[in-house]
Amino acid sequence: MLSSSWPARRPRSRPARAALLLAAALASLPSPAAANGVFPSADQLVFDPADPARAVARMTYGLLTTQDGGASWRWICEGAVGYDDTGGQAPPIAAAAGGRVLAALGDGLVVGAEGGCAWTGAEELAGKAVIDLSVRQGDPSHAVAVAAGDRHVLWASRDGGASWARAGTPLPAGFQARTVDVAPSDPQRVYVSGLESAGGSVKGALARSIDGGETWETATVPGSTTSREPYIAGVDPLDADVLYVRIASAPGRLLVSTDGGASFTSAFETQGFVRAFAISPDGATVAVGSDVDGVFRAPSSTLAFERVSGIAPRCFAWTEAGLYACASEFLDGFTIGLSLDGGATFEPLLQQACLGGPLECAASTAVGALCASDWPRIALMTGHKDCTPDAGSPAAGSGASATASGAGGAGGATAVSGGGGASADSGAGAGAGGEPGVPGGGAAPSAAGGCGCGAAGAGAGWAGVVAVAGLAAAIARRRAAGRAPPTPIA
């Protein structure tokens, strides 16, 4: 077992006034809007490997799906999938072969089919707490999941999640898994991050198998503890020995290993959380995003990061079409956006007020039976508006070219993978969240409330709340901008 040390860092202070304003905005939300205690946003995005126009986003209020490349989005309620996020549950999701969407739950693994209308549990994993899952890049029929127990166990599917079987031997005693991934270039190489109990202490660790789970080796992840847990950010698509691990804390850090997890070095650190990470499909470029410091990009060969955007990404997904991001709609004017220039600018694809309603499914399916009755609550929460073509397209009303500066002097950009917030805030005079002189500050605010559509009754009261929240977020960002940007570590 290999280990190494990491120097402690002084925690950063947070802008107190901005926090108070944000708390006031939260307190003034209608009760349905704060059902799980957080603002509506996206934090994971997966694409159908056989049809890049089809994607699923994990939201704080269920799932959203698009079948037309993001032109329109429909809602899938939590109950249809089989969970309830009022307890803070946010199931990891993955897109597999056959158009299936997989979700890891506290009592099993569910498989979505029929375009997301029908959800059924995997019998082999029924009653088991599935901690994480992943679909191998380049082979969507190969999926893996890790489940809790006396000893955590790796499970594998070779038919896109239709059936599952235990893979190899359990993980080492005392190892508590958090994330799992399979190397795109080697189906036998499996990585699991988590916590390991040894010698009376608990440390962050990485477990590695080179034979599909038959045997395991572990190594300490430097600087990780129970309060700074390690999460696998990604594995290089061409080299199974190169993987990235992010430390879940603030200040945040991104570590890289070039020897299969035996040792790590620091690649990047930020004052905020490292919430977004992606590797380009060809493996040549990596992108990392912080909720405080923005978007950074680097060649994978040098990891010499440069700041390219001021948005606050919550997730990235990099496909042949470009770099997708989940962002803060309160601050950046969109929930999901697409960048064609490696993260410098983003075209808004989703603004939550323009959701098309529940996914249209037969009444015999879980979505058809359960979601329609809960839609009024979601419409109120997102400030639902009439976003029909007659009212103006979302792109036209949102400044979709992302080249205008923010309004109200709150740090708008001079030139405008990971996304999210309600559309009304981007027209609230708080600015789009960019910073002067920093490319890609976000989408321009819209005079029509962000999606260029006429307001339906529920959205009007939401706009004022969003304005307060947007102002609070903008203050926090402007104060953070007063510090020198983080220094990547070579």
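1. Start with a term. Two strands pair if DSSP finds at least two bridges between them. Keep that in mind below. Note also that this is a predicted model.

2. Look for the open sheet. It is formed by 4 strands, in the order β17-β18-β19-β20. Their pairing is antiparallel.

3. Which strands stand at the edges? They are β17 (230-235) and β20 (265-270). Each has a single partner strand, so one side of each is left without a neighbour in the sheet. From one strand to the next, the twist averages 25°.

4. Strand β19 covers residues 252-257. β19 and β20 pair in the antiparallel sense, over 5 bridges. Find Leu-255: its bridge partner in β20 is Ser-266.

5. Turn to β1 and β2. Strand β1 spans residues 42-48, and strand β2 spans residues 51-59. The two pair over 6 bridges in the antiparallel sense. How many residues does the hairpin from β1 to β2 run through? The answer is 2 residues.

6. Strand β3 holds residues 62-66. β2 and β3 run antiparallel, and 5 bridges join them. A hairpin through 2 residues connects β2 to β3.

7. Leu-45 stands opposite Ala-57. Ala-57 also stands opposite Leu-64 in β3. Trace these residues in the model to see how β2 pairs with β1 and is joined to β3.

Note on methods: Residues are numbered from 1 along each chain as its sequence is written. This is a predicted model: local features need pLDDT of at least 70, side-chain atom pairs count only at pLDDT 80 or more; totals for chains, interfaces and linings use all residues. Side-chain values use heavy atoms; hydrogens and water are left out. Axes are lines fitted to C-alpha atoms, for helices over the stretch in contact, and angles run from 0 to 180 degrees between N-to-C directions.
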